[in-house]
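This report considers a few aromatic residues and annotated positions. Please keep the sequence and the model in view while reading.

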Amino acid sequence: MLHLNLFIFACGHHRAAWRHPDSPVERLGDIRYYEELARTAERGKLDAIFFADGQSVDNIGDGPRWYLEPLTTMAALARATTRIGLISTVSSTFFTPFHAARMVASLDHISGGRMGWNVVTSMFDAEARNHGYPSMPGHDWRYARAEEFVDVALRLFDSWSDDALAIDRGGNYGVPDRVRKIDHHGEHFLVDGPLTVPRPPQGHPVLFQAGASDQGRDLAARRAEAIYAVAYDLPAAQAYYRDIKQRVLAAGREAFVPIMPGLVTYVGSTEAEARAKQRELDELLPSDASLRQLGMFVLQDCSGWELDAPVPPLPPLSEFKGPQGRYATILRIIETEQPTVRQLLGRLAAGGGHCTMVGTPEQIADRMEHWYRNQGADGFNLMPPSLPGGIDDFVEQVIPVLQRRGLFRREYEHDTLRGHLGLDRPGR
């Protein structure tokens, strides 16, 4: 069946969602807002909720981005839900593996085996300068560190055997030879171990990755247990899907590794109603802020671009020095749609180039099923343009259609995120 995550982000993934009269912008520091979203996703029987993370703040006038720290937030959401998985981004560039493993393992215990972690290498110089680097380290360095980071964290999870705790009140709490140092001496990290937290309920909390560059795809193929992707259309999704599946096999892995592209949906009782919802948010979009966002994606100053003119020529992907996944998507939108600058801004306003589906519940379910049955996706990372309305619409209108077609669960059959995703538990 399809695998579906809810990607929770501020008031929604549309850059102007916070400006809507019905937005929850005043509640972004209120944990009850996120608890309500998590419960809605759990009511829809989704696999998990997901929080991204950023390590810097850009122009605060443009609207909200980051607010509560996500791992802290997960501790509260673990207590507010019972079955849905909980996934948070963790930066391998700025965290240490011991610190990350300790927090993620603790959250797996708190949630009863529902934790996942999305390992990223981070992107921007402004983030780097908040962590002691004068600028973002080079791409090769970051991916070498990420590889070592993941390896050390997994070894730390395994530093306790499943049966390490005897809990014999007669005088034997644990079995010493079942808790081991890892004695890691690597290029980036020195870690003795063992972890201070007993082995997590899932063995390893589920490891997500979102590799777009060649090195990122290799890392995902070797290590990831589930993968987030950016795919503007089905051909792009199919190319990524087939490439990753081939790399997984080439890495000697036989495990199922679900691939979940981001998906923005506008749902209406008619297609016209759905498009009106999209247009309502697009009309709230400030052009100056949107040009600044575009400038971050293409690493250029776009402030002087004429809104109703064609998009100026951009360097080919082979010459681009920034994050390649989003940039490749922008190039594909330009090639396929030949938009004006204004049209491109509207296309990027919700989800930054991820697939967008606009229509009735049946139309959206049709397209999701088409992707699923044609090697475009094993599921989707839902990115509602507005919250809570966008996820309410999806859970109340689209999920029942998918369930009637036998494409999505009606009830949870498992208690862990590994169970929801059909993944084996690593033994120790």
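## Aromatic pairs and annotated residues

F7, F9, F50, W66, F208 and Y228 make up one aromatic cluster. The model is predicted: local features need pLDDT of at least 70, side-chain atom pairs count only at pLDDT 80 or more, and totals for chains, interfaces and linings use all residues. Residues are numbered from 1 along each chain as its sequence is written, and side-chain values use heavy atoms, with hydrogens and water left out.

The structure contains 14 aromatic pairs, where rings of Phe, Tyr and Trp (its six-membered ring) pair if their centres lie within 6.5 Å; planes under 30 degrees apart count as stacked, over 60 as edge-to-face and the rest as tilted. Two pairs are listed below.

| Pair | Centre distance | Plane angle | Class |
|---|---|---|---|
| W117 and F149 | 6.3 Å | 45° | tilted |
| W371 and F380 | 5.8 Å | 50° | tilted |

Because W117 belongs to strand β4 (residues 115–120) and F149 to helix α5, their pair ties together parts 32 residues apart in sequence; helices (H or I, at least four residues) and strands (E, at least two) are DSSP runs, numbered from the N terminus. W117 is buried at 0% relative accessibility; buried means under 20% relative accessible area, exposed over 50%, and partly exposed in between (1.4 Å probe, protein chains only).

Helix α5 (residues 139–157) also holds Y143, which is buried with a relative accessible area of 12%. Leaving out residues up to four places away in sequence, Y143 touches T121, S213, Q215, G216 and L219, contact being heavy atoms within 4.5 Å.
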